[in-house]
Amino acid sequence: MLMFLRLLADVRWRGADPKWRSVACCRSASGTAESQPVPLPAQAQVVICGGGITGTSVAYHLAKLGWKDVVLLEQGRLAAGTTRFCAGIVSTARPVSIELKMAEYSNKLYQQLEQETGVQTGYVKTGSVSLAQTQDRLISLKRIASSLTVSGIPCEIISPKQVAQLHPLINIHDLVGAMYVPEDALVLSANVSLALATAASRSGVQIHERTSVSHVSVQKGRVTGVETDRGHIKCQYFVNCAGQWAYELGHSGEEPVNIPLHACEHFYLLTHPLKEPLANNVPTVVDPDGRIYIRNWQGGILSGGFEKNPKPLFTEGRNQLEIHNLQEDWDHFEPLLSSLLRRMPNLEALQIMQLVNCPESFTPDMRCIMGESPTVRGYFVLAGMNSAGISYGGGAGKYLAEWMVNGYPSENVWPLDLKRFGTLQSSRTFLRHRVMEVMPVPQFPFLPSAEAFFFFPQGMEFVGQEALLEQKQNGVYKRFTMFILEDHDTDMDLWPWWGEPIFRNGRYVGKTTSSAYSYTLERHVCLGFVQHFNEKTGEELVVTTDFINQGEYEIDIAGQRFQAKAKLYPFSSLFAQRRRKDEVELSGYQRE
């Protein structure tokens, strides 16, 4: 059935765009070429490798920004890699701010893509319900809900009874609550990729299937061209969107580019329709404590998850050209199946259609990789989506395209920048073992590194110097600020972690980036960036010292706001008060 849907979308897409027929290789019913494919261009401004959700998204957004001298190369067929088997869940419930923004943009893009291109994307707004079996999990969901709310994404914390009203098959006896996000959606992942390719092709992007990239040509530390099995293309920019092949492709160039990711097997099952088929708009269910997700699929169920003992694959050598369903492993899937049956006991009599086993690529910190290589100029990367490619694909492609065209993206993508990894994280052996550690763990842990960063002397030129001098002259739009919680009870109240919304005079102005308890101050100290927006126009304004010092602040911890005192510099007065208190206590002790 999945193969039928994929082929049907393939035919409709090619028929919808006459321009595509002049670029793609024509095939007979047997799959053999009926005529020779159109020759590759001798040169292009940009060459993209990879025809999945990330590659087609980058091509789409480059064309939208005016860069149309773009060639997209796919070694097999478009959307025939990991995208083909993606579960199609578009979820905005993300703990990291930039990931949330990427998912939100993707959701909005996919919603209007079918109307723009004529390609059926299967977009259905179902909403999602994230379940909590423990109070700790519920607190975690409340933290995410706070971030979603200040970002303008509707969500609410709901009771177990409300969960049962939203999804009639859910067993709620062990639940303490849940988070409901009504704007989340489902799509046909391959169709979304084909729709993006259709729009890009109509804008002038050339797309060539059955074309493999062997290596990237580099001269004097800059991309100069791409070598393929069908000839050489000169180019100024190269984008590695090769998914699970990105690591190998990065090492195949004249100047190796480290892209630390590794593929693991990912399982989900498909069932036949229920006697009373589920409605198309029934919410997707995420059960973090059970490690599973559940969505409607043609009146039945699609359910997969992330097991405690992941199975890395393709650890040596190049894997297959196109992804096929890998071997079933029911013994390995059994713990996830047990979680599914506990959550939906009525499914025991339901007939299973298929257990899908497909590869997914994961990174050492479970965050995707994007940005320009620190060693090769003009070499950009967007890969390692950690099983969230359809949620991030639209937004990630947008930000990378902005990065290429404008020199920087419109949002802070530092947590996803390729430069966060060093050579230590690019060992194949390290990656194989690392993905087995991070896949079972939901969270963006810290990776220690033997590499060090050094400050430059003030007279020496350095990367970013021009931007720093401009900020010094014109001011900054984000100000790193310290906060001390004023009315927070460390014994009774929830502690801040990071990512808590910051409010100034009742208006949202930023988020915390870290926090810790200060034993010297005997209070919690939070660090975060504060922004200043014009209340009428929404225009971003320079953050001045007076703006920071003259506001009244609150920190939102899982939906509860606590008063906070803001400082741009250390709390010297508080340190002095504590020091005097300690001196008095010490002198009294000595007299005794």
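Predicted model: local features only at pLDDT ≥ 70, side-chain atom pairs only at ≥ 80, totals over all residues.
Strand E14 (residues 284-287) and strand E15 (residues 292-297) run antiparallel and are joined by three bridges. In one of these pairings, Val286 has Tyr293 in E15 as its bridge partner. The two strands form a hairpin with four residues between them, and Arg291, which lies in the turn, has a positive phi of about 65°.

E15 continues the antiparallel pattern on to E16, with which it pairs over six bridges. Trp297 has Gly300 in E16 as its bridge partner, and the hairpin formed by E15 and E16 has two residues between the strands, with Gln298 in the turn showing a positive phi of about 55°. E16 (residues 300-305) in turn pairs with strand E13 (residues 262-271), again in the antiparallel sense, over three bridges; here Leu270 stands opposite Leu302 in E16.

## How E15 is covered

Strand E15 is mostly covered, with six of its six residues buried. In a regular strand the side chains alternate between the two faces of the sheet. In E15, the residues on one side are Ile292, Ile294 and Asn296, those on the other are Tyr293, Arg295 and Trp297, and the burial of all of them leaves both faces of the strand covered.

## Asp287 in strand E14

Asp287 is placed in strand E14, and it counts as buried because its relative accessibility is 2%, which falls under the 20% cut-off. The side chain of Asp287 is joined to that of Gln133 by a polar contact of 3.2 Å. When residues up to four places away in sequence are not counted, Asp287 touches Leu131, Gln133, Ile292 and Arg343; Ile292, within this group, is also one of the buried residues of E15.

## Two helix pairs

Helix H5 (residues 97-117) packs against helix H8 (residues 189-202) at an angle of about 55°, and their axes are 10 Å apart. The two helices are therefore oblique to each other, and their crossing is left-handed. On the H5 side, Leu109, Tyr110, Leu113, Glu116 and Thr117 take part in the contact, where they meet Val192, Ala195, Leu196, Thr198, Ala199 and Arg202 of H8.

In the second pair, the axes of helix H3 (residues 53-64) and helix H11 (residues 389-406) come within 8 Å and cross at roughly 40°. H3 and H11 are therefore oblique to each other as well, but H3 passes H11 in a right-handed crossing. H3 contributes Ile53, Ser57, Val58, His61 and Leu62 to this contact, while the residues of H11 that take part include Gly389, Gly393, Gly394 and Gly397, together with Ile390, Lys398, Leu400, Ala401, Met404 and Val405.

## Thr228 in strand E11

Thr228 lies in strand E11, which covers residues 222-228. Its relative accessibility is 7%, so Thr228 counts as buried. The side chain of Thr228 reaches two backbone atoms: the nitrogen of Arg230 at 3.0 Å and the oxygen of Gly231 at 2.7 Å.

Apart from neighbours within four places in sequence, Thr228 is in contact with Leu40 and Leu73, as well as with Thr211, Ser212, Val213 and Ser214.

Notes. Residues numbered from 1 in each chain as written. Heavy atoms only, no water. Pairing = 2+ DSSP bridges. Buried < 20%, exposed > 50% of the residue type's maximum accessible area, 1.4 Å probe, protein only. Polar contact = N/O pair within 3.5 Å; in protein donor to acceptor, adjacent residues only side chain to side chain. Contact = heavy atoms within 4.5 Å. Axes fitted to C-alpha atoms, helices over the stretch in contact; angles between N-to-C directions. Parallel < 35°, antiparallel > 145°, perpendicular 65-115°, else oblique. Left-handed = near helix turned anticlockwise from the far one by under 90°.
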